[in-house]
Amino acid sequence: MAIKTPVTIAYGNGIGPEIMQATLNILNAAKAHIAPEIIEVGEKIYLQGNTTGIPENAWESIKRTKVLLKGPITTPQGGGYKSLNVTMRKTLGLFANVRPCISYAPYVPTKFSHIDLVIVRENEEDTYSGIEHRSTDEVYQCLKLITRPGCERIIQYAFEYARKFNRKKVTCFSKDNIMKMTDGLFHHVFREIAAQYPDIQHEHLIVDIGTALIASHPERFDVIVTLNLYGDIISDVAAQVAGSVGLAGSANIGNQVAMFEAIHGSAPDIAGKDLANPSGLLNAAIQMLVHINQPEIASLIENAWLKTLEDGIHTGDIYSPAHSKKKVGTQEFATAVIERLGQKPSHFNSADYRPGAYTKIECYGEHSKIHSKKVLVGVDIFIDNSLDITADELAAKLAKIHGPLELIVITSRGLKIWPNSSIEAPYLRHCCCRFQSAKDINDLQSITHTDIITLLAQLNDLGFDTIKTENLYTFDGKLGYTLAQGQ
Ligand code: NAD
């Protein structure tokens, strides 16, 4: 008898217990080799005063089994509660969010009957680092952090996924025409890694036209890899276009641990009524079975599920008189799937996950590859200009400053407002004064941190509120910062 793989199970909240029970019944009937360990996370734990929603014994189980199948969680309204999903992704290093998006026409209405794409979304970086500050009365900022190892491992994951799952093309979405350094890095790493996979086609699209194409021509996409925020948005666009928001599963993959769940929430409006469709969680469980190397059982269940859809046995959310034969509840739907174990669909392609093909994908990125010569050459000093003086008056005050650093440009929200600015009424309250060791970027010299501290002390003496500084570096002689618009 095959050894059973320990799997941590969280029933979740709202419809979670019903759809999890239905899913486990199907896994059990299909003789999945799993040994479930039940944990409690979410609403009840939040309300006990644990703001993460995850108690210590749950962490212990997840870290030991390394596989979590999770029902949806209700985040209680009101302050203080942290998103359980974000906490898990960060704590467990679940760097890849993998969302297959498939149309099931005509059984689930959609304008596009042949969507079969997978979104691989970076899961830990970008604006989701949650580093936000209020700088002035009126200005708030959110820091977008992108790392080279983070780009490397998500892009490598996308190509490895494409290769293992026999997909033909990986499309990268970024906005590097505007964010030349952060998104520029993502696109650059994409090109580097794509070159290592000559068997897989690759292309890059700016995220805005890319998203429009998902809405208008979703069938042209295969695997899409993108940064965290864009991935979050396009996942919902793609799921909506496919018409299958209630059917889609999602995997959160790390090198050690993986978490599988439906993409929908806990649906409190229908909880406890045996109305919920368990398909999203079941599809997540199928992804889990592939991940734990039980591809035959994954295929067995997926085929029975597809046959159930084809036979018109539908829960209320996808019921339509044209394509449904029987409206069923959650548990009856599960029974219908169980009755079809061993059958194959006739309208849809059969699932056939190849045995032995899905060894775990581990991607780390190369931390030690780069050793550039990093030289400090200046500083951007952001000022809350509560004095409300003009850019020329501000520059005149700053001209009194001594030392090796020279005022080069003053900007407001990235736009040059001094020198030689034609802007009539510059927004000056939040402005950035760029000091460099030389006016010409070809003549930049090394400065010290003490030079910057001396500069800050002088600004303080002049009565300025310096809200933030960003050091300006060159890396192997190349600028590590962008020029201001108009500079
Ligand atoms: P939701 O996805 O729970 O519900 C949206 C609508 O879809 C509701 O009308 C619901 O009845 C319906 N629906 C959802 N799943 C269904 C299913 N399987 N079968 C039939 N109908 C289904 O979204 P919401 O109402 O915005 O959120 C409810 C709660 O879920 C909130 O507390 C939210 O924070 C949480 N949530 C959790 C997760 C997660 O755990 N991953 C994801 C999203 C939302």
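How many helices and how many strands are there in the protein chain? In this predicted model, the protein chain holds 13 helices and 20 strands. Taken along the principal axes, its C-alpha atoms fill a box of roughly 85 × 55 × 45 Å. Of the 487 residues in the protein chain, 54% are buried, and among the contacts with a separation of 6 or more, residues 24 or more positions apart account for 77%.

**Helices α7 and α8**

- Two packed helices are described by the angle between their axes and the distance between the axes.
- Helix α7, which covers residues 207–216, packs with helix α8, which covers residues 228–242, at an angle of about 15 degrees, and the axes of the two helices are 9 Å apart.
- Because angles under 35 degrees count as roughly parallel, α7 is described as roughly parallel to α8, and the crossing of α7 and α8 is right-handed.
- On the α7 side, Val207, Thr211, Ile214 and Ala215 take part in the contact, and they meet Tyr230, Ile234, Val237, Ala238 and Val241 of α8.
- By class, the residues of the contact of α7 with α8 comprise eight nonpolar, one polar and no charged.

**The buried face of α7**

- The buried residues in α7 are Val207, Gly210, Thr211, Leu213 and Ile214.
- Seen down the axis of α7, these buried residues fall within an arc of 160 degrees, so they line one face of the helix.
- What covers the buried residues of α7 includes the strands β8 (169–174), β9 (201–206) and β10 (223–226), together with helix α8.

**Helices α5 and α6**

- Helix α5, made up of residues 148–164, packs with helix α6, made up of residues 182–194, at an angle of about 45 degrees, with the axes 9 Å apart.
- At that angle α5 and α6 are therefore oblique to each other, and their crossing is right-handed.
- From α5, the residues Arg148, Cys151, Glu152, Ile154, Ile155, Gln156 and Phe159 meet Leu185, Phe186, His188, Val189, Phe190, Glu192, Ile193 and Ala194 in α6.
- The contact of α5 with α6 has 10 nonpolar residues by class, along with two polar and three charged residues.

**Backbone geometry**

- Most residues other than glycine have a negative phi, and most peptide bonds are trans.
- The peptide bond from Ala105 to Pro106 is cis, with omega near 0 degrees, and Pro106 is found in the loop between β4 (96–102) and β5 (116–122).
- A cis peptide bond also runs from Trp418 to Pro419, with omega near -5 degrees, and Pro419 lies in the loop between β17 (415–418) and β18 (430–436).
- Asn293, a residue other than glycine, has a positive phi near 65 degrees, and it is found in the loop between α9 and α10 (295–310).
- With a relative accessibility of 46%, Asn293 counts as partly exposed.
- Asp476 has a positive phi of about 50 degrees although it is not a glycine, and its place is in the loop between β19 (465–475) and β20 (478–479).
- Asp476 counts as exposed, at 56% relative accessibility.

**Two residues and their contacts**

- Ile263 lies in the loop between β12 (258–262) and α9 (279–291).
- Not counting residues up to four places away in sequence, Ile263 touches Arg99, Ala239, Val245, Ala248, Gly249 and Ser250.
- The C-alpha atoms of Ile263 and Val245 are separated by 7.1 Å, and the two residues are 18 residues apart along the chain.
- Ser299 is found in helix α10, and at 7% relative accessibility Ser299 counts as buried.
- Leaving out residues up to four places away in sequence, Ser299 touches Ala351, Asp352 and Tyr353.

Key:
Residues are numbered from 1 along each chain as its sequence is written. This is a predicted model: local features need pLDDT of at least 70, side-chain atom pairs count only at pLDDT 80 or more; totals for chains, interfaces and linings use all residues. Side-chain values use heavy atoms; hydrogens and water are left out. Axes are lines fitted to C-alpha atoms, for helices over the stretch in contact, and angles run from 0 to 180 degrees between N-to-C directions. Helices (H or I, at least four residues) and strands (E, at least two) are DSSP runs, numbered from the N terminus. Angles under 35 degrees count as roughly parallel, over 145 as roughly antiparallel, 65 to 115 as roughly perpendicular and the rest as oblique. A crossing is left-handed if the near helix is turned anticlockwise from the far one by less than a right angle, and right-handed if clockwise. Contact means heavy atoms within 4.5 Å. Ala, Val, Leu, Ile, Met, Phe, Trp, Tyr, Cys and Pro count as nonpolar, Asp, Glu, Lys and Arg as charged, and the others, Gly among them, as polar. Buried means under 20% relative accessible area, exposed over 50%, partly exposed in between (1.4 Å probe, protein chains only). The arc is that of the directions from the helix axis to the C-beta atoms.
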